[in-house]
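Hello,

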Amino acid sequence: MDLALARSHIQAALERMRLAYGSVVFDEWALLAMGAKHGGVLAYVGPRVESFRLRFAADVDPLRTLAAEQPLTTGDFVFAPEAKGTRYDALMRVGDGSFLICNRTTKTILEIRAESSWLRAQPAFFELGEKFRADPFVIP
């Protein structure tokens, strides 16, 4: 899968999640690639365009710790239940050395999961993982 198709799939899945949940689930996301140009960030969508890179290492740390505890294959994901504020809530492996990170800057994933509508939003995220499992993202 190329970058344009990956972006399209991510945007569509997040929109389906928003519709099922009744409000935004993740208000920012980034597509990352180890060893890529631009500091490994291939795409970013969210409210912190100016400050995203400044806080990146601290914001991704809870997910980095969780991902290190379990091997992730393409399509697999983990949630950081207690990541607050700008710390990222979800990480999905989308290809060899590439990852999608998602965040809701005003809620933790625990708060998101507390809403019964979370059950309706989950399939869209799972299906996104299955799309990457079937056609992994290839770092440009």
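**What was found**

Met 92 has Leu 100 in strand 5 as its bridge partner. Please keep in mind throughout that this is a predicted model.

That bridge belongs to the pairing of strand 4 (residues 90–95) with strand 5 (residues 98–103), which is antiparallel and has five bridges. The two strands make a hairpin with two residues between them, and Gly 97 in the turn has a positive phi of about 75°. Gly 95 sits opposite Ser 98 in strand 5. Strand 4 is mostly covered, with six of its six residues buried.

On its other pairing, strand 4 is joined to strand 3 by three bridges, again antiparallel. Here Phe 79 stands opposite Ala 90 in strand 4.

The sheet as a whole is open and has five strands in the order 2-1-5-4-3, with antiparallel pairing. Strand 2 (41–45) and strand 3 (77–79) are the edge strands; each has a single partner strand, so one side of each has no neighbour in the sheet. On average, neighbouring strands are turned by 15° against each other, direction ignored.

Two helices lie across this sheet. Helix 4 (residues 118–134) lies across strand 3, strand 4 and strand 5, at about 25° to strand 4.

**Cores**

The largest nonpolar core has 29 residues, and those touching the most other members are Met 17, Phe 26, Leu 31, Leu 100, Trp 118 and Phe 132. Two or more residues each come from helix 1, strand 1, strand 2, strand 4, strand 5, helix 3 (109–114) and helix 4.

What does Trp 118 contact, leaving aside neighbours within four places in sequence? The contacts of Trp 118 are Met 17, Tyr 21, Val 25, Phe 79, Ile 109, Ile 112 and Arg 113.

There is also a second, separate core of 16 residues, including Leu 32, Tyr 44, Val 60 and Ile 101.

**Aromatic rings**

The structure holds eight aromatic pairs. In one of them, Phe 77 and Phe 79, the ring centres are 5.5 Å apart and the planes stand at 65°; the pair is edge-to-face because the angle is over 60 degrees. Phe 77 is partly exposed, at 31% relative accessible area, whereas Phe 79 counts as buried, at 15% relative accessibility.

Phe 79 also pairs with Phe 125; this pair is tilted, with 5.7 Å centre to centre and 35° between the planes. It links distant parts of the chain, as Phe 79 is in strand 3 and Phe 125 is in helix 4, 46 residues apart. Phe 125 is buried, with a relative accessible area of 3%. Ring pairs join Phe 26, Phe 77, Phe 79, Trp 118 and Phe 125 into a cluster.

Not counting residues up to four places away in sequence, Thr 108 touches Pro 81, Ala 83, Lys 84 and Asp 89.

Regards

How values were computed: Residues are numbered from 1 along each chain as its sequence is written. This is a predicted model: local features need pLDDT of at least 70, side-chain atom pairs count only at pLDDT 80 or more; totals for chains, interfaces and linings use all residues. Side-chain values use heavy atoms; hydrogens and water are left out. Two strands pair if DSSP finds at least two bridges between them. Helices (H or I, at least four residues) and strands (E, at least two) are DSSP runs, numbered from the N terminus. Axes are lines fitted to C-alpha atoms, for helices over the stretch in contact, and angles run from 0 to 180 degrees between N-to-C directions. Contact means heavy atoms within 4.5 Å. A nonpolar core is a set of buried Ala, Val, Leu, Ile, Met, Phe, Trp, Tyr and Cys residues joined through side-chain atoms within 4.5 Å. Buried means under 20% relative accessible area, exposed over 50%, partly exposed in between (1.4 Å probe, protein chains only). Rings of Phe, Tyr and Trp (its six-membered ring) pair if their centres lie within 6.5 Å; planes under 30 degrees apart count as stacked, over 60 as edge-to-face and the rest as tilted.
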